[in-house]
Amino acid sequence: MSLFKWSSAHSVYLPEIDAEHRALYRLGDELHKAMLAGADPVHLKPVVDNLLESAEQHFRHEERLMRAIHYTSFDWHKRQHDAVRKKAKALAKRIDAGDSAATGELLEFFSEWMRGHLGVADRMMGARLRNYLRFNTSLAS
Ligand SMILES: [Fe+2]
């Protein structure tokens, strides 16, 4: 079963953010497939790093957009990003230490988290940003 199957149900209706989410799904899927194929942990590490770095860049992008519009649920939303940052850091440490179960745990955690976060927090953010853009022509990102 694929942990990272993109569908239109994941869309937050902001093309730039949707593209970043899709890219994260692709990276998650790439890592999952490599893991299932029994790739050596040494070869998985760059894919793990790429996924975590891309997630970090993406969170920062969303946080910049939310700050730019003085989004009232910013703290609540950022707390969700911070929870992933914390969990991912701990799992990356275990992966570096050679813990063979940690990559699978990271993928399951991230897949589940993305589903919930995209479905609620990012959708709410998307609606607010679209509304902002109806009355303002540009958005610093
Ligand atoms: Fe988010």
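Biologist: Which residues in α2 meet Thr-103, Met-125 and Leu-129 in α4?

Modeller: In this predicted model, the α2 side brings Leu-44, Val-48, Glu-62, Leu-65 and Met-66 to that meeting.

Biologist: What makes the contact of α2 with α4 nonpolar, polar or charged?

Modeller: Its residues divide into six nonpolar, one polar and one charged. Glu counts as charged, and Glu-62 is among the α2 residues here. On the α4 side we find Thr-103, and residues such as Thr count as polar.

Biologist: Why is α2 called roughly parallel to α4?

Modeller: The axes of α2 (residues 41-68) and α4 (residues 102-135) cross at roughly 20° and come within 13 Å. Angles under 35 degrees count as roughly parallel, so α2 is roughly parallel to α4.

Biologist: And what is the handedness of the crossing where α2 passes α4?

Modeller: That crossing is left-handed.

Biologist: How do you know what pattern the protein follows along the sequence?

Modeller: The secondary structure comes to four helices and zero strands, and reading along the sequence gives α-α-α-α.

Biologist: How do you know whether the radius of gyration agrees with that of a compact globule?

Modeller: A compact globule with 141 residues would have a radius of gyration near 14 Å; the protein has 16 Å, so the two agree. The C-alpha trace spans about 50 × 25 × 20 Å along its principal axes.

Biologist: What percentage of the residues count as buried?

Modeller: Of the 141 residues, 22% do. To be buried, a residue needs 20 or more other C-beta atoms within 10 Å of its own.

Conventions: Residues are numbered from 1 along each chain as its sequence is written. This is a predicted model: local features need pLDDT of at least 70, side-chain atom pairs count only at pLDDT 80 or more; totals for chains, interfaces and linings use all residues. Axes are lines fitted to C-alpha atoms, for helices over the stretch in contact, and angles run from 0 to 180 degrees between N-to-C directions. Helices (H or I, at least four residues) and strands (E, at least two) are DSSP runs, numbered from the N terminus. Angles under 35 degrees count as roughly parallel, over 145 as roughly antiparallel, 65 to 115 as roughly perpendicular and the rest as oblique. A crossing is left-handed if the near helix is turned anticlockwise from the far one by less than a right angle, and right-handed if clockwise. Two residues are in contact if their C-beta atoms, placed from the backbone, lie within 7 Å. The radius of gyration is taken over C-alpha atoms; the globule rule is 2.2 Å times the number of residues to the power 0.38. A residue is buried if 20 or more other C-beta atoms lie within 10 Å of its own, exposed if 12 or fewer, and partly exposed in between; C-beta atoms are placed from the backbone.
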